[in-house]
Amino acid sequence: MKFVVIGAGLAGVEAAWQIAQSGNKVKLIEQKPLKKSPAHKSDNFAELVCSNSLKASRIDSAAGLLKEEMARLGSLTVPVARECAVAAGGALAVDRDIFSNTVTERIKSHPNIEIEYTEAQEIPTDGDTITIVATGPLTDGKMSEAIKALCGDYLSFYDAAAPIVTAESVNTDIAFGASRYGRGGEDDYLNCPFNKEQYERFINELINAEGAVVHDFDVYEGCMPIEKLAKRGTDAPRFGPMKPVGLTDPATGRRPWAAVQLRRENAKGSIFNLVGFQTNLKFGEQKRVFSMIPGLENAEFVRYGVMHRNSFLDSPRVLKVDFSVKNQPNVFFAGQITGVEGYMESAASGIIAGINAVRFANGIEPLKLPNTTMIGALSAYISDETVKNFQPMGANFGILPPLESKIRDKRERYAALSERALEALNSAL
């Protein structure tokens, strides 16, 4: 039996790693550097194209629990991320270049992984091949047509990425270092504080700025462009990515009216991204409007925000809980194209697809993690036929079954959910 993984993003490398670690040979097909999507810049595998944050690291958080489950399943990317971590308060953020370089080297050096650089244009479905399709949400061309031929029409949405500025161009006489509620170090984030007048002037310019694409997009809620959020109401950003809670401006001794947080992008802290500022504005408009942010008057933008087309399967109609195709059991899908939302969620789906591809080859029942685990709950969600209006889903405690006894304190409840999840995972393995 031959194993083929198409795509060397987070999901693809995890799938290939699981197969290789089981002692099987696997071919990993990657189109870069021959062809890159508009969102990709690096030639390396597991490129982080949006934020460099992998979300919370605490085990009593949904994102932290997910990463702990992945680590216990033999993840490649989680331990690498921990090695490449940069200061980010309670979050696990990485130096994206070191992260992708390290993942690439470990994949290339594995004796059971053969890498083929080519643009895959079809999905092998013959009985002697087990294929995992991890081509990502930007899949296009002949591969997109091959997926449609196998799975039928699949849904589309639009995604956005935030701008990045140099640290030295930030005016630290105005912007101050602090994490919300004092979590983490003061240099993890820079905070640009607004008073009410500055905020209202900024929002007015933001909502009237010219977008790069003139028609309105059906954008996934989790990656809403800041200008579209602002059009929902003047205070919408102030209760979203520009919320000032947990911050005190040292210049006034008070909480600002609103704030933009800048999160470090690399270990050196030389560049920072504007947290939550995914955008579809024209580059010139981004420079003009975002320079109105207090502290960014003379900001040097090393990357402007971009918007690109993302696609995902109508997975409840297409995939089983083990991420295999219902009408083609030797073909699996993994990554954001399945409707899991987020870096680590995509990587986790690759782990499950890789494990179950090997099990399928050996005639063993697939690994179906309990839905009390975070990975099991995500797997159940993307394969739940009762979900009619399917939308991408990231790790969150809302998709886990409730505890038998009610716990009013949220932190204690989350800790109990995490403890239950890890116990269930250990029992399942």
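A cavity is a set of points, on a 1 Å grid over the protein atoms alone, where a 1.4 Å probe fits but cannot get out; its lining residues have an atom within 4 Å of a point. This is a predicted model: local features need pLDDT of at least 70, side-chain atom pairs count only at pLDDT 80 or more, and totals for chains, interfaces and linings use all residues. Residues are numbered from 1 along each chain as its sequence is written, and side-chain values use heavy atoms, with hydrogens and water left out.

**Exercise 1.** Find which residues line the largest cavity, and sort them by class.

*Solution.*
- Step 1: list the lining. Val 321, Ile 352, Leu 367, Lys 368, Leu 369, Gly 376 and Ser 379 form it.
- Step 2: sort it. Four are nonpolar, two polar and one charged. Here Ala, Val, Leu, Ile, Met, Phe, Trp, Tyr, Cys and Pro count as nonpolar, Asp, Glu, Lys and Arg as charged, and the others, Gly among them, as polar.

**Exercise 2.** Find which element gives the largest share of the lining of the second largest cavity.

*Solution.*
- Step 1: list the lining. Among its residues are Phe 323, Val 340, Glu 345, Ala 348 and Ile 352.
- Step 2: assign elements. Helix α10 gives four residues, the largest share. Helices (H or I, at least four residues) are DSSP runs, numbered from the N terminus.

**Exercise 3.** Identify the residues in contact with Ile 147, leaving aside neighbours within four places in sequence.

*Solution.*
- Step 1: apply the cut-off. Contact means heavy atoms within 4.5 Å.
- Step 2: read off partners. They include Ile 123, Val 133, Tyr 154, Leu 313 and Phe 333.

Note on methods
1 Å grid on protein atoms, 1.4 Å probe; cavity = no way out; pocket = protein on both sides within 12 Å on 5 of 7 lines; lining within 4 Å. Helix = DSSP H or I, 4+ residues; strand = E, 2+ residues; numbered from the N terminus.
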